[in-house]
Amino acid sequence: MDLYTFFNSSAAYRVRIAMALKGIAWRHVGVNLRAGEQNLGEYQTRNPSRLVPTLQDGDRTITQSIAIIDYLDAKWPVPQLIPIDGSSRTRVLEVALTIACDVHPLNNMRVQKYLSDPLGIADAAKAEWIEHWLTAGFSALEPCLPANGGWCVGDAPTLADCCLVPQVANALRVAFSLDPFPRVRRVYEHCMRREAFRAAAPSAQPDYVSAH
Ligand SMILES: N[C@@H](CCC(=O)N[C@@H](CS)C(=O)NCC(=O)O)C(=O)O
C-alpha cells in the first residue's frame with residue numbers, strides 16, 4: 001500500500017497516525033509540496049485536488065484523509081478509529097470535522113500563497129490570519145475535550161486524536177500559545193506518549209527537513 005505524503009502535511013499526518021495505530025505496513029511516496037510536486041501531471045491525475053495525502057491500495061486510489069481513515073477502519077477494524085454508533089461516534093466526528101473543515105483549510109499552504117499573490121497581503125497580516133483562525137478553532141474544541149486529559153473521546157484513540165495532534169503540531173510550529181487551551185494541551189501530551197503518534201510525526205519521516 002502506497003501513501004503519497006509530505007512530512008509536514010497535517011492531513012497526511014492524520015493518516016500516518018491511523019496506520020501506525022492499526023499496525024499497517026505502507027510504502028512512503030514523497031510529494032514535495034514546497035517544490036510544487038502536488039501540481040505536476042502524474043500526481044494531479046491521481047489526486048485532482050492537488051493535495052496530499054493519497055492512498056493507493058492496489059487499484060483503489062483514495063483521497064481525503066478522513067475518507068482514507070474510514071476506508072482503513074473498514075478493512076482493518078482493530079482498533080476502530082471511527083466508532084460504529086452511539087454518542088461517541090457523534091462526538092468523534094464533531095471534533096474531527098471542527099479541525100478538518102473549520103480550522104485546517106483556512107491555514108493551508110495554497111491559501112497562504114493566494115493571500116500573498118494575487119491578494120498582496122503582507123506577512124504580518126498573514127500571521128494574524130493564522131492566529132485568528134487557530135484561536136477560533138481551538139476555542140471551539142476546548143469545551144468538547146475532557147477536563148483532566150486522556151484521549152479526545154472515551155478511553156482509546158480515535159479519529160479525533162488523529163486530527164487533533166497534527167493541528168496542534170502545526171500551531172506549535174508557528175509558536176501559537178496553547179496557554180488558553182489547557183484541555184487541548186493535555187490531550188496532545190497524552191497522545192504523544194503513545195509510540196504510534198511519535199512514529200507518525202513529521203520529524204520521524206524519511207523526507208523530513210528541519211527548516212520551516
Ligand atoms: N481535506 C483534505 C486536505 C488536504 C490538504 O489540504 N493537504 C495539504 C497539506 S496538509 C496540501 O496538500 N497542501 C498543498 C497546497 O496547499 O498546495 C484532506 O483531509 O485530505
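A word on ground rules: because the model is predicted, local features need pLDDT of at least 70 and side-chain atom pairs count only at pLDDT 80 or more, while totals for chains, interfaces and linings use all residues. Residues are numbered from 1 along each chain as its sequence is written, and side-chain values use heavy atoms, with hydrogens and water left out.

**The ligand and its surroundings**

Let's start with the ligand, which sits in the largest pocket. A pocket here is an open set of points on a 1 Å grid over the protein atoms alone, with protein on both sides within 12 Å along at least five of seven lines. To "sit" in one, a molecule needs more than half of its atoms within 2 Å of the pocket's grid points.

Around the ligand there are 15 residues, and Val52, Gln64, Ser65, Asn108 and Arg110 come nearest. (A residue counts as near if one of its heavy atoms lies within 4 Å.) This shell holds six nonpolar, seven polar and two charged residues; Ala, Val, Leu, Ile, Met, Phe, Trp, Tyr, Cys and Pro count as nonpolar, Asp, Glu, Lys and Arg as charged, and the others, Gly among them, as polar.

| Side chain | Ligand atom | Distance |
|---|---|---|
| Arg14 | oxygen | 3.2 Å |
| Gln64 | nitrogen | 2.7 Å |
| Asn108 | oxygen | 2.6 Å |

How much of the ligand does the protein bury? Taken alone the ligand exposes 520 Å², and 90% of that gets buried (areas by the Shrake-Rupley method with a 1.4 Å probe). Helix H1 (10–22) and helix H5 (109–116) are the elements that give two or more residues to the shell, and H1 supplies the largest share, three residues. Helices are DSSP runs (H or I) of at least four residues and strands are runs (E) of at least two, numbered from the N terminus.

**An aromatic pair**

Rings of Phe, Tyr and Trp (its six-membered ring) pair up if their centres lie within 6.5 Å; planes under 30 degrees apart are stacked, over 60 edge-to-face, and the rest tilted. That rule gives eight aromatic pairs. For Trp129 and Trp133, the ring centres are 6.0 Å apart and the planes meet at 70°, so this pair is edge-to-face. These two tryptophans are four residues apart in helix H6 (residues 123–141), so about one helical turn separates them.

Most residues other than glycine have a negative phi, and most peptide bonds are trans. Now for some exceptions. Val78 and Pro79 are joined by a cis peptide bond, with omega about -10°, and Pro79 is in the loop between helix H3 (65–75) and helix H4 (87–103). The bond from Asp117 to Pro118 is cis too, with omega near 25°; Pro118 is in the loop between H5 and H6.

Gln64 is found in the loop between strand S4 (60–63) and H3.

Terms used: Polar contact = N/O pair within 3.5 Å; in protein donor to acceptor, adjacent residues only side chain to side chain. 1 Å grid on protein atoms, 1.4 Å probe; cavity = no way out; pocket = protein on both sides within 12 Å on 5 of 7 lines; lining within 4 Å.
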